[in-house]
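User: I have a chain open on my screen and would like to go through it with you. Could you take my questions one at a time?

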Amino acid sequence: MEIMKVVLADDDADDRLLFQEAIEEVKINTHLTLFKDGESLIKYLLDRDTTLPEIVFLDLKMPKKDGFQCLETIRSHSKLKDLVVAIYSTSSSEEDIEQTFIKGANIYINKPNRFKDLKQLIAKVMKINWQYHTSALNKDNFLLRI
C-alpha cells in the first residue's frame, strides 16, 4: 500500500497533537510531517531533497509567516503551485474564507471541537479525488464543515 505524504503547519502544539492522533486513527497509510510556523514549512517544501506531500494542511494564524503568506508562496512558486492546500483554521470569518478561495486554496476546513469530528474531516479530505474536486471547485464545495 502506498504511503500518502501529509504536512500540517500549525503553531498550536495541542492542535498538532490532536491532528496527529486523529490521522493515526484514520485507516489511511500516511506519513505526517509537522511544522509550528509557516517559515519552516516553506523552507522544507522548497528544499531540493524534499519529496512533496500529496496534501498540506495549513493554519492561517501562525508566527513568522502566516497561512495567507504561505498560500501565496505556494501558488506563485513553480515547484509548489500544484500542491493540494487545505486551510485548517479556527476562523469562520467570511473574509478569511473568501481570501483563501481567491488565493487558490483547494478547501477550507473549520477546526472542529470534537475529536470524532476531526477524524471524520481528515478521512473525508484524504479520500477526495483532488483532480476532479479542483476542476469543479466553487464556493459551495470549498468550505467543509461537520
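User: Where is the place of Lys27?

Analyst: Lys27 sits in the loop between α1 and β2, where helices (H or I, at least four residues) and strands (E, at least two) are DSSP runs, numbered from the N terminus. This is a predicted model, in which local features need pLDDT of at least 70 and side-chain atom pairs count only at pLDDT 80 or more, while totals for chains, interfaces and linings use all residues. Residues are numbered from 1 along each chain as its sequence is written, and side-chain values use heavy atoms, with hydrogens and water left out.

User: Is Lys27 buried or exposed?

Analyst: Lys27 counts as exposed, at 78% relative accessibility. Buried means under 20% relative accessible area, exposed over 50%, and partly exposed in between, with a 1.4 Å probe and protein chains only.

User: And how far is Lys27 from Ala123 in space?

Analyst: Their C-alpha atoms are 8.0 Å apart, although Lys27 and Ala123 are separated by 96 residues in sequence. A second pair of this kind is Val26 and Gln120, which lie 94 residues apart along the chain and have C-alpha atoms separated by 8.2 Å. Gln120 belongs to helix α5 (residues 115–126) and is partly exposed at 41% relative accessibility.

User: What about the whole chain, how many helices and strands are there?

Analyst: The protein chain has 7 helices and 6 strands, and along the sequence they follow the pattern β-α-β-α-β-α-β-α-β-α-α-α-β. Of its 146 residues, 45% count as buried. Taking contacts (heavy atoms within 4.5 Å) between residues at least 6 apart in sequence, 70% join residues at least 24 apart.

User: Which helix has the lowest mean pLDDT?

Analyst: That is helix α6 (residues 130–135), with a mean of 54, whereas helix α2 (residues 38–46) has the highest among the elements, at 96. The pLDDT is the predictor's confidence in each residue, from 0 to 100, and the protein chain averages 87, with 87% of the residues scoring at least 70. Where pLDDT is low, the predicted coordinates should not be read in detail.

User: Back to α1, which of its residues are buried?

Analyst: The buried residues of α1 are Asp15, Arg16, Phe19, Ala22 and Ile23. They cover an arc of only 130° around the axis, which puts them on the same side of α1; the arc is that of the directions from the helix axis to the C-beta atoms. On the other side of α1, Asp14 and Glu24 are exposed.

User: What do the buried ones pack against?

Analyst: The buried residues of α1 pack against β1 (4–9), β2 (30–35), β3, β4 (84–89) and α5. At the start of α1, a side-chain oxygen of Asp12 comes to within 2.8 Å of the backbone nitrogen of Asp14.

User: Why is β1 described as largely enclosed?

Analyst: Because 6 of the 6 residues of β1 are buried, the strand is largely enclosed by the rest of the structure. Both of its faces are covered, with Met4, Val6 and Leu8 buried on one side and Lys5, Val7 and Ala9 buried on the other. β1 also pairs with β2 in the parallel sense over 6 bridges, and two strands pair if DSSP finds at least two bridges between them. In that pairing, Val6 stands opposite Leu32 in β2.

User: Last one, what is the phi of Lys64?

Analyst: Lys64 has a positive phi of about 65° although it is not a glycine. Lys64 is found in the loop between β3 (55–58) and α3 (67–76), and is exposed, with a relative accessible area of 64%.

Conventions
Polar contact = N/O pair within 3.5 Å; in protein donor to acceptor, adjacent residues only side chain to side chain.
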